Amino acid sequence: MRIDILTLFPTMFEGPMSESIIGKAVESGRVSITCTNFRDFSDSKHRTVDDYPFGGGAGMLLKAQPIVDALAAIQEQAPETKKRVVLLDPAGKTFNQAMAEEFSDEEHLVFVCGHYEGFDERIKKHVTDEVSIGDFVLTGGELGAMVMVDAIVRLLPAVLGNEQSNKTDSFSTGLLEHPQYTRPRDFRGDMVPEVLFSGNHKLIAEWQEKESLRKTLLRRPELLEHMELTPQQLKWLNEIKQEQQAL
């Protein structure tokens, strides 16, 4: 996969894009990440990238010209790849795990990081997706792009050491991930559930699924509204509700 990031602050990406899972993916050649300062494409004598909005209003808007010309340069560099151009915008569609999985199948992603008060609307004619990472406002799109790149790259084949890891993550199954434990078995009187030592893989899998349901019900009940639960899951859910009422 190739990832291009258009930003006014390319040095912000130096640490996050070279460490941990992303860094290993870059080293192994499974992904290439290039940050481009779109100020370099400004046709202004003073390399300006923003201007006052027509009709008045607070703040400055990013001009179309530098970003559109930077996108054109990327197209010239890699004319053979199909590109998904993602504009980081608070008004965009909210990023989630399903979107991360969808983007991970692309061969070339381009992220456009905003700054100031927003974009000239004409920029949006040159993008394929407008995406937000949540209902809050950041100084710019850089942190959002980092979050999205991390979520996407870890889904690429052979990036994670255990290929099953991303299949059981929270949200990948529609449920939050079940509780997990490691040594010691007894931590200051707080014991690991006995079922995990039973050696019965069927019982363990059932416990994990039920506990995923429990965690989702208690912490993110709205997720269950969009799921088609199996008869067994519905049975467990009723048991969990009864157990909670008895507390």
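Trainee: Which handedness does the β-α-β unit of S5, helix H3 and S6 have?

Mentor: This is a predicted model, in which local features need pLDDT of at least 70, side-chain atom pairs count only at pLDDT 80 or more, and totals for chains, interfaces and linings use all residues. Residues are numbered from 1 along each chain as its sequence is written, and side-chain values use heavy atoms, without hydrogens and water. Helices (H or I, at least four residues) and strands (E, at least two) are DSSP runs numbered from the N terminus. With the strands pointing away from the viewer, a path from the first strand over the helix to the second that runs clockwise is right-handed, and the unit of S5 (residues 83-94), H3 (residues 97-103) and S6 is right-handed.

Trainee: In which sense do S1 and S6 pair?

Mentor: Pairing requires at least two bridges found by DSSP between two strands. Ile 3 has Leu 109 of S6 as its bridge partner. Strand S1 (residues 2-7) joins S6 over five bridges, and the sense is parallel.

Trainee: How many residues of strand S6 are buried?

Mentor: Buried means under 20% relative accessible area, with a 1.4 Å probe and protein chains only. His 108, Val 110 and Val 112 point one way, Leu 109 and Phe 111 the other way, and all are buried. Strand S6 (residues 108-112) is therefore largely enclosed by the rest of the structure, its buried count being five of the five.

Trainee: Is Leu 213 buried or exposed?

Mentor: Leu 213 is placed in helix H5 (residues 201-219). Because its relative accessibility is 0%, Leu 213 counts as buried.

Notes
Buried means under 20% relative accessible area, exposed over 50%, partly exposed in between (1.4 Å probe, protein chains only).
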